[in-house]
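Please read it with the coordinates open.

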Amino acid sequence: MIDFDISLLHLAEVDSTNSYVKNNHLQLADGTLVYADVQTAGRGRLDRRWVSKPGNFFGTLLLKKLDNPFLGTMVISLSALEVLRKLAPESEVWLKWPNDLYIGDAKAAGILSESIVQPDGSRAIAVGLGVNLALSDAELKAIDKPAAVVGNGKINPEKFAFELAKSAKRYYIMGMVCGRDLFELWRRFSDVVGMQLVLELGGGKSVSGTAVGIGEDGALILQDAAGGRKPYYCGDVSVSRESVRKALADRKKAVETD
């Protein structure tokens, strides 16, 4: 039986919690969740700047017993989804492939999972999470992508960190015992199926279509206007507001019917 606790390390200010964990992983215990009041150089995927003002949550979880960054993403995304639905059920947060939490068609939280090479050659994971808990309307509008706030400022970052640590312990153990079970749970909670998407592939290239599934290997299965289907393993996803509303309403109706 695996039993341990996620430990919390609170910092007043840091350049980036991911950078801190990567630079100090030898001194940090497995399962340490580092979070800060302020980040001076917060970043997301594709080296995008993450707005890091007090009142929001910025943290990174160190996972020394997992070597696949994708598993780290699953641990923290499922944990954050569970906690936010508990603390702010009215926000109706949902999980968007591969690693974001959304409210409607706007991003409320992002995840950045990075590998760490340990002295013995094995790999650990630093998985970062940023959650918009206290941004003003003006600050949201200044972000270059649609963004949302969870809980309308009522969620304290320290309370969120405490609840996240409790939830992450369970999913981390699941990942260590059976990564497949963790993957299947993550796939079940990924709500993009049925939505109209635009997938930015980089280099100015993009594809659009309907999400029809998530493959056994985690790929997003996209169907184009001609009915052709193709798997995609990475990319920046934008969602249609109308398709989000319809897909989530249909899913809610199906759950109520069951």
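The points below take the basis of the model, then the sheets, the cores and the cysteines.

1. Basis. This is a predicted model, in which local features need pLDDT of at least 70 and side-chain atom pairs count only at pLDDT 80 or more, while totals for chains, interfaces and linings use all residues. Residues are numbered from 1 along each chain as its sequence is written, and side-chain values use heavy atoms, with hydrogens and water left out.

2. Seven-stranded sheet. Seven strands form an open sheet with mixed pairing, in the order E1-E2-E3-E7-E6-E5-E4. Strands are DSSP runs of E with at least two residues, helices are runs of H or I with at least four, and both are numbered from the N terminus; two strands pair if DSSP finds at least two bridges between them. Strand E1 (7-14) and strand E4 (93-96) are at the edges with a single partner strand each, so one side of each has no neighbour in the sheet. From one strand to the next the twist averages 20°; axes are lines fitted to C-alpha atoms, for helices over the stretch in contact, and angles run from 0 to 180 degrees between N-to-C directions.

3. Pairing of E1. Seven bridges join E1 to strand E2 (residues 32-39) in the parallel sense. Val14 stands opposite Gln39 in E2.

4. Helix on the sheet. H2 packs on this sheet and touches E3, E4, E5, E6 and E7, where contact means heavy atoms within 4.5 Å. The direction of H2 makes about 30° with that of E7.

5. Five-stranded sheet. An open sheet of five strands runs E11-E10-E9-E8-E12, with antiparallel pairing. Its edge strands are E11 (229-232) and E12 (236-239), each pairing on one side only. The twist here averages 45° from one strand to the next. Strands E9 (residues 205-214) and E10 (residues 220-223) pair over four bridges, and Ile214 stands opposite Leu220 in E10.

6. Cores. A nonpolar core is a set of buried Ala, Val, Leu, Ile, Met, Phe, Trp, Tyr and Cys residues joined through side-chain atoms within 4.5 Å. The largest has 63 residues, and Phe57, Leu84 and Phe160 are among those with the most contacts inside it. Helix H2 (residues 69-87) gives the largest share, ten residues. A second, separate core of ten residues includes Val14 and Leu62. Phe160 touches residues including Phe57, Leu84 and Val131.

7. Cysteines. There are zero disulfides, a disulfide being a pair of cysteine sulfur atoms within 2.5 Å. Cys178 is partly exposed at 27% relative accessible area, and Cys234 is exposed at 55%; buried means under 20%, exposed over 50%, and partly exposed in between (1.4 Å probe, protein chains only).

Conventions: Lists of a residue's contacts leave out its neighbours within four places in sequence.
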